[in-house]
Amino acid sequence: MGSLVFTIANQKGGVGKTTTAVNLAAALADKKIPVLLVDLDPQANATSALGIEKEEGRSLYGPLHGEGAALDMIVATDVKNLSLIPSEEDLAAAEIELAQTENYLARLRAVLEPVKASGRFRVIIIDCPPSMGMLSMNSLAAADHLLIALQCEYMALEGLGQILRNVERIKEAGVNAALSVGGIVMTMYDIRTNLSRQVVDEVRQHLPDKIFNTVIPRTVRLSEAPSFGKTIFAYDPLSPGASAYKNLAREISARFEIGGAAPARPPAAI
Ligand code: ADP
Ligand code: MG
């Protein structure tokens with residue numbers, strides 16, 4: 001069985017992409033699914049959230065420029081079944097340099113091919129920078145499914161429209177006609193405000209098949225965990241944030257039939 005590649009891309013920063021990438025990856029890994037998290041953001045937030053030190057030369061910068069292999073960039077993490085391709089500042093240059101190369105949209109796809117072929121990972125999750133530049137567009141070209149982290153805030157639908165237009169651009173460019181919107185994760189849901197509920201209702205009305213049932217609550221524990229280099233499961237396993245990401249992982253593994261060695265197995269009776 002090959003790897004399923006998810007990218008978490010969005011032109012906005014601070015919407016919960018990295019928090020979702022890290023904790024979803026950890027939650028899937030906890031289900032004994034071998035996961036590779038690819039940190040494609042030069043700010044390396046996912047790298048530090050996993051407690052991994054940034055190291056010059058250890059990122060996809062080299063491989064994206066034809067130097068070195070992505071497989072050689074993989075490091076183990078403290079989380080069982082979870083590996084990482086870290087990021088570092090050099091990757092920022094790729095944003096500019098990629099635009100000057102041939103087939104610039106398909107670079108990452110080519111770089112990840114041997115990783116997929118290695119059979120080491122069932123799932124690859126790419127955490128993107130907060131812009132729709134070359135790196136994020138490359139991730140769309142490399143992915144099977146885009147996961148959209150959408151913050152429960154005013155104008156959320158407008159942001160969603162922009163992301164969906166980029167998906168169309170990639171498909172029209174012919175680099176990844178099979179790209180699908182795998183799902184929408186509503187993040188930073190605040191139970192105390194009507195706005196959060198309204199935004200979720202609105203997105204659900206527009207894209208009922210895409211929105212996940214699991215909504216990620218706004219909780220301080222989720223924002224604290226990365227400063228300790230820990231996932232929410234290591235930091236506070238019984239917190240609402242931990243159960244939310246566990247539920248999201250469950251939904252995703254069901255939606256994409258990941259994990260369970262016997263795909264035909266009927267769901268357990270509740
Ligand atoms: P992005 O990767 O989209 O820029 P992050 O995941 O880094 O977004 O989140 C932005 C900030 O919000 C970070 O400080 C993060 O810790 C915090 N944050 C993310 N999700 C939540 C949440 N559900 N509740 C509270 N804080 C959150
Ligand atoms: Mg981020």
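Which helix gives the largest share of the shell around ligand 1? Helix 1 does, with three residues.

## Getting started

This is a predicted model, in which local features need pLDDT of at least 70 and side-chain atom pairs count only at pLDDT 80 or more, while totals for chains, interfaces and linings use all residues. Residues are numbered from 1 along each chain as its sequence is written, and chains are lettered from A and ligands numbered from 1 in the order in which they are written.

## The overall fold

The chain holds 11 helices and eight strands; these are DSSP runs numbered from the N terminus, with helices being H or I of at least four residues and strands E of at least two. Along the principal axes, the C-alpha atoms fill a box of roughly 50 × 40 × 35 Å. Of the 270 residues, 46% count as buried, meaning that 20 or more other C-beta atoms, placed from the backbone, lie within 10 Å of the residue's own.

An unreviewed UniProt entry lists residues 5–180 as "domain: AAA"; such annotations may be inferred rather than shown by experiment, and positions follow the numbering used here, with feature names shortened. Over residues 5–180, the chain is 38% helix and 16% strand, and the end C-alpha atoms are 11 Å apart.

## Around the ligand

Ligand 1 is surrounded by 17 residues, and the closest are Gly 16, Lys 17, Thr 18, Thr 19 and Ser 223; to be included, a residue needs its C-beta atom, placed from the backbone, within 6 Å. Helix 1 (17–30), strand 7 (180–189) and helix 9 (220–224) each give two or more residues to this shell.

## The nonpolar core

The largest nonpolar core has 84 residues; such a core is a set of buried Ala, Val, Leu, Ile, Met, Phe, Trp, Tyr and Cys residues joined through C-beta atoms within 7 Å. Helix 1 gives the most to this core, with eight residues. Ile 125 is one of the residues with the most contacts inside the core. Leaving out residues up to four places away in sequence, Ile 125 touches Phe 6, Ile 8, Ala 21, Leu 24, Ala 25, Val 35, Leu 37 and Val 38, where contact means C-beta atoms, placed from the backbone, within 7 Å.

## An enclosed helix

Why is helix 6 (residues 134–142) largely enclosed by the rest of the structure? Because nine of its nine residues are buried. They include Met 134, Leu 135 and Ser 136. Among the elements covering the buried residues of helix 6 are strand 1 (4–8), helix 4 (91–97) and helix 7 (156–172).

Technical notes: A residue is buried if 20 or more other C-beta atoms lie within 10 Å of its own, exposed if 12 or fewer, and partly exposed in between; C-beta atoms are placed from the backbone. Two residues are in contact if their C-beta atoms, placed from the backbone, lie within 7 Å.
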